[in-house]
Amino acid sequence: MDAVSRADHNDMRISRGWPLAAGLALLAWLWMGPLPDLARRAFSPHMMLHLAVAVVAAPMIVIGLLRLFPNIRAPRRLLLVALAVSAFEFAVVWGWHAPWMHEAAARWFPIFAVQQLTFLLAGMALWWVCLADRDRRGLAIGAGAMLFTSMHMAMLGVLLVLAPALIYAPQYCLGAFGLDPLADQQFGGGMMALFGTLPFVIGGSWLAWRLVGE
């Protein structure tokens, strides 16, 4: 391969892999910036960090990997894997928002690190099973997984918005952005209900549209 061909090849890889680079850069900024400290003291920064990791950085990384390595195949038993991944993602999201687990992550940094890592891994696994297979069966399974995820995200967000009192200990839900603790908790729930749901509604609709087109 001559120098020109190598340059063209490298340019092509860069153009195809930019979502991966952007996702990793975003992830570094999220975890090394001010949000982790704020997230351990107030609820809405926690939700901002969670959603940015799981529904922005995670799909960007997965899309970048699939573009760079188009031969990556979906698992053979895709339906079974999709069910397992959806259950895992559900357990991660709802589990870490149980009061005692949320408060443990806020109190101890190693548990907080595990929380953030599982948010990333659950998000990447879910987006991978939804996007990796492009045949009719894969599109249908991916759309179904995204529909389920959008439903449970919306449900958790609505429960947080409608909560009449603080769910979490006051020392870990101090309020942020000028909001009192309860309004901050409700604001975080609103973000979950909207921004935790919308990407999966859009993604599921796109997969369903492709399925109809097939």
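**Cysteines and rings in a predicted model**

Let's start with C173: at 1% relative accessibility, it counts as buried. Buried means under 20% relative accessible area, exposed means over 50%, and partly exposed is in between, with a 1.4 Å probe and protein chains only. C130 is buried too, at 0%. The whole structure has 0 disulfides, a disulfide being a pair of cysteine sulfur atoms within 2.5 Å.

A word on the basis. This is a predicted model, where local features need pLDDT of at least 70 and side-chain atom pairs count only at pLDDT 80 or more, while totals for chains, interfaces and linings use all residues. Residues are numbered from 1 along each chain as its sequence is written, and side-chain values use heavy atoms, leaving out hydrogens and water.

Now the rings. Rings of Phe, Tyr and Trp (its six-membered ring) pair if their centres lie within 6.5 Å; planes under 30 degrees apart are stacked, over 60 edge-to-face, the rest tilted. The count is 5 aromatic pairs. One of them, F90 with F148, is tilted, at 6.0 Å centre to centre and 45° between planes. F90 sits in helix α4 and F148 in helix α7, so the pair ties together parts 58 residues apart in sequence. Helices here are DSSP runs (H or I, at least four residues), numbered from the N terminus. F90 is partly exposed at 33%, and F148 is partly exposed at 36%.

Next, W127 and F200. Their ring centres are 5.1 Å apart with planes at 25°, so the pair is stacked. This pair links helix α6 to helix α9, 73 residues apart. W127 is buried at 7%. F200 is buried at 3%.

Methods:
Helices (H or I, at least four residues) and strands (E, at least two) are DSSP runs, numbered from the N terminus.
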